[in-house]
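Student: Could we go through this model together? I'd like to start with one residue and then look at its surroundings.

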Amino acid sequence: LIKGAGPLETMARIRTLILGGEDLKTELVKACLPRFPAGCRVFNEYGPTEATVGCMIHEYGPGDAAFASVPVGRPIANARIYLLDPHGQPVP
């Protein structure tokens, strides 16, 4: 929080939100965005919970409103992501 500012004043100054956790529902993002200034950027950061490390990131945009959940994104710089099936084999 910003020292000396109330909750609404603090929210009015926020320009970027980085959210992490499980499945980020698009409806939640759409419901929250009006509380922040126009142009506030929202990023969905995804990674292993056990280490609290963000390894994939996606910036929410108008096209994401068509999906039930915000995409988890692409690997961050200098990282590779391997998607495995239930048997531990790589998938396309």
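Student: Where is asparagine 44 placed?
Tutor: Asparagine 44 lies in strand β2, where helices (H or I, at least four residues) and strands (E, at least two) are DSSP runs numbered from the N terminus. This is a predicted model, in which local features need pLDDT of at least 70 and side-chain atom pairs count only at pLDDT 80 or more, while totals for chains, interfaces and linings use all residues. Residues are numbered from 1 along each chain as its sequence is written, and side-chain values use heavy atoms, with hydrogens and water left out.

Student: Is asparagine 44 buried or exposed?
Tutor: Asparagine 44 counts as buried, at 4% relative accessibility, where buried means under 20% relative accessible area, exposed over 50%, and partly exposed in between (1.4 Å probe, protein chains only).

Student: And what does asparagine 44 touch?
Tutor: Leaving aside residues up to four places away in sequence, its contacts (heavy atoms within 4.5 Å) include Leu19, Leu24, Met56 and Pro71.

Student: Which way do β2 and β3 run?
Tutor: Strands β2 (residues 41-46) and β3 (residues 56-59) run antiparallel and are joined by four bridges; two strands pair if DSSP finds at least two bridges between them. Phenylalanine 43 stands opposite glutamate 59 in β3.

Student: What's the strand order in the sheet?
Tutor: The open sheet of four strands has the order β1-β2-β3-β4, with mixed pairing. β1 (16-20) and β4 (74-75) stand at the edges with a single partner strand each, so one side of each is left without a neighbour in the sheet.
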